[in-house]
Amino acid sequence: MARKKDDPDQLGLALPGLYELAKPRSGNGTEKLGYHWGDAQPLPKLGSHSAAKHDIYSTYVDRFVKTLTGRHVQSQLKLTIVDGFSGGGVYDWGGKVVDGSPLRLLTSIDEARAVLQARRSDFNLDVDFVFIDENRNHIAFLREQLLKRGYSSLIQSGKLRLISQPFEDVIPEVIAAIKKKGRAHHSIFLLDQYGWSDVKLATVRRIMGELSNPEVILTFMVDALINLLHDKTSSLSALAAIDYSREDVRELLDMKDAYGSKGWKRAIQNTVYRHIQRCTGADFYTPFFVHPPESHRDYWLIHLSKHHQAREEMGKVFWATNNTMEHFGGAGFDALGFDPNVDVRQGMMDYLFDDDAAVRSKRQLLEQLPPLLHSAWNAGSIVTKRSLYAARANDTPIVGTLMDSQLTELRDAGEIVIIGKKLDKAGNVVEMVRERAESYSWDDVIRLPREPTLFSVFRQPSRYVPGEHQIAPIPICSNSTVERTSDSDHS
C-alpha cells in the first residue's frame, strides 16, 4: 500500500517548495481574513505554514495510533479526532488540488486500520471524527468532498460529524460525546486557529480537566499578538481569551524593546508558553516555532497533553520535519529556561531540529547526564529513564532516542550500568543487565558501577548544575481551578 508521501499530488514531510509564503485571501467583508471555500470561487492557495501543519497532523496521528496499539494482544482502540477549524477540505497547491486536514486525517486512519487488520483481522480501530467550522459554506463544501471520496456511510452512521458552529459553542457536547464512548477518553483536538484568540485557554483547560487522555495541538500566531500589543486602541477582550491583562502585556513589550528581534522571540517563547501551559492545566507540552526559512511569519505549534509519552511522540515528529520547526534556546536539558538577568542574544543559535542540532544535543547531554545521575544517586533515588526524562521533557527539544544514545555511550565507557527486566523460563520477572541494547524501556534502572574507573566522569567536577537555568514558577491562572480526572497512561 502506497504511503501518503508517495503520492505526487499530495504533500509530505520536507517536500521541496514547502517554504512559499502563505497567501490567505480576504472574505466578502463579513468573514474573517483567511481561507474561504465556495462553489463560485477558486480554491484557496495552500500556504507554507498550512502545508507544514497538515504534515505534522497526519504524521502525528499515525504515530499516536502505533503507540497505543503496540501490544499485539490488543484488539481495539477507541479514539475521537476533533478538527476545530476544518475549512473546506482541499486546496490549490501550484495548480494541483491537494487535501487539507480533514481528508488527510481520514486517510491516516484508513491506512492505520489496514495495517492493524493485516496484523489481526478482528482489530477494531473505532474512530469518531468531528469536523467543525463556523462558516456554513465551508462545511457544505467539505461535505461534498467527503461524499466524493466515499465517506457517506461514516456521515450517515454518525461516526463523522460535520458542525457549522463556532468551536467554543460546541465544545460541551463534544466533550460529552467523548465521555460516552468509554473511560479512556483518547482524543486529539486540532485547533488551527487563524490568529491567537479564537480558542480561549479556559476552553483548553476544560478539555484537559474533564477528559482522561486528551491531546490538544494548538496553533498560536505570534505576529498577530505582537501587532495587538502595539495597538493602543485594541480592546481587552482578545487578551482575555489568553488570560492576559494590560499589565501582563506591558512586560512583553518591555522585553521586545530590551532584547531586539531574535532575543525577544526567545524571551517571549520562554515566558508566554509557560503561561499557556499553566492556564490550560496540561502536564506536558512542546512550544516550538513553525518558521519556514523563506517566510516572515512566525507562530507556535503547541502540543498539550497529560503524559510524557505523548510529548515524546510529538517530539519525534518535530525532528522528522527538519527545517520546518525551530526554537530559540539551548540544545540539551533546561534549553527553554529564560533568565531575565542574562542577555539572551549571547551565544544563541537557532535550533532547527536538523543533523547539526542532533550533534549539539548529544554533546550537551553527555555533559549534563553525569551530574544529574550523581545528584539523584546521592539523594538516595532510584533513577530510571522515565525519571530522567519526564521531569525535564517540557524544557528541552530532546527526545528519548537521543538520550538513549548518550546513555549507551556512558554504559560502554563503564560509567553506568543499565538494568532491565525480563521473564525467565518459569514466567517470573527477573532483572537483567542491558549490555548490548541501544534503546531502553522507560522503567529501566540506571545504576553506578560498583567501582567507577579512575578517570570516571563521576569523579570530575562539572560545569553543569542541574536546574540552575530554570526560571521560577509562574502562578497558576486565576479562575483556572478544575476537577481533574484520574490520569492514565498514554500507552
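Let's start at Asp92, a residue that counts as buried at 18% relative accessibility. Its side chain meets that of Lys45 in a salt bridge, with N and O 3.4 Å apart. Lys45 sits in the segment before α1 (48-68) while Asp92 belongs to strand β2 (residues 90-93), so the pair ties together parts that are 47 residues apart in sequence.

Now step back to the whole chain. It has 13 helices and 15 strands, and buried residues make up 54% of its 491 residues. Take the contacts between residues at least 6 apart in sequence: 75% of them join residues at least 24 apart. The chain exposes about 22,400 Å², with carbon and sulfur atoms supplying 50% of that area.

How far can you trust the coordinates? The average pLDDT of the chain is 79, and 72% of the residues score at least 70. Where pLDDT is low, the predicted coordinates should not be read in detail.

Asp99 lies in strand β3 (residues 96-99) and counts as buried at 8% relative accessibility. The side chain of Asp99 makes a polar contact of 2.7 Å with the side chain of Arg149. Asp99 is also 8.9 Å from His54, C-alpha to C-alpha, although 45 residues separate the two in sequence.

Asp128, in strand β4 (residues 124-132), is another buried aspartate, with a relative accessible area of 18%. A polar contact of 2.9 Å joins its side chain to that of Lys181. Leaving out residues up to four places away in sequence, Asp128 touches Leu79, Thr80, Ile81, Lys159 and Lys181.

Further along, the loop between α5 (167-180) and β6 (187-191) holds His185. The phi angle of His185 is near 60°, a positive value in a residue other than glycine. His185 counts as buried, at 12% relative accessibility.

Helix α6 (residues 201-210) comes next. Seven of its 10 residues are buried, so the helix is largely enclosed by the rest of the structure. The buried residues are Leu201, Thr203, Val204, Arg205, Ile207, Met208 and Gly209.

Towards the end of the chain, four strands form an open antiparallel sheet in the order β12-β15-β13-β14. Its edge strands are β12 (383-384) and β14 (429-433), each pairing on one side only. Strand β13 (residues 417-423) pairs with β14 in the antiparallel sense over five bridges; Lys422 has Val430 in β14 as its bridge partner.

Helix α13 (residues 400-412) contains Arg411. This arginine is buried, with a relative accessible area of 11%. Its side chain is joined to that of Tyr440 by a polar contact of 3.1 Å. Beyond neighbours within four places in sequence, the contacts of Arg411 are Ile416, Ile418, Arg434, Glu435, Arg436, Ala437 and Tyr440.

Let's finish with charge pairing. Side chains of opposite charge can pair when their charged atoms come close. A search of the whole structure finds 23 salt bridges. One of them joins Asp443 and Arg386, at 3.0 Å from N to O. Asp443 lies in the loop between β14 and β15 (445-447) and Arg386 in helix α12 (residues 385-390), so this pair ties together parts that are 57 residues apart in sequence. Both ends are partly exposed, Asp443 with a relative accessible area of 47% and Arg386 with 26%.

In another salt bridge, the closest N and O atoms of Glu431 and Arg447 are 3.0 Å apart. Glu431 is in strand β14 and Arg447 in strand β15, so the pair ties together parts that are 16 residues apart in sequence. Arg447 is partly exposed, with a relative accessible area of 35%. Elsewhere, salt bridges that share partners join Arg63, Glu312, Glu313 and Lys316 into one network.

Note on methods. Residues are numbered from 1 along each chain as its sequence is written. This is a predicted model: local features need pLDDT of at least 70, side-chain atom pairs count only at pLDDT 80 or more; totals for chains, interfaces and linings use all residues. Side-chain values use heavy atoms; hydrogens and water are left out. Helices (H or I, at least four residues) and strands (E, at least two) are DSSP runs, numbered from the N terminus. Buried means under 20% relative accessible area, exposed over 50%, partly exposed in between (1.4 Å probe, protein chains only). Contact means heavy atoms within 4.5 Å. Accessible areas come from the Shrake-Rupley method with a 1.4 Å probe; for residues, only the protein chains shown count as cover. A polar contact is a pair of N or O atoms within 3.5 Å; within protein, one must be able to donate a hydrogen and the other to accept it, and residues adjacent in sequence count only if both atoms are side-chain atoms. pLDDT is the predictor's confidence in each residue, from 0 to 100. Two strands pair if DSSP finds at least two bridges between them. A salt bridge is a side-chain nitrogen of Lys or Arg within 4 Å of a carboxyl oxygen of Asp or Glu.
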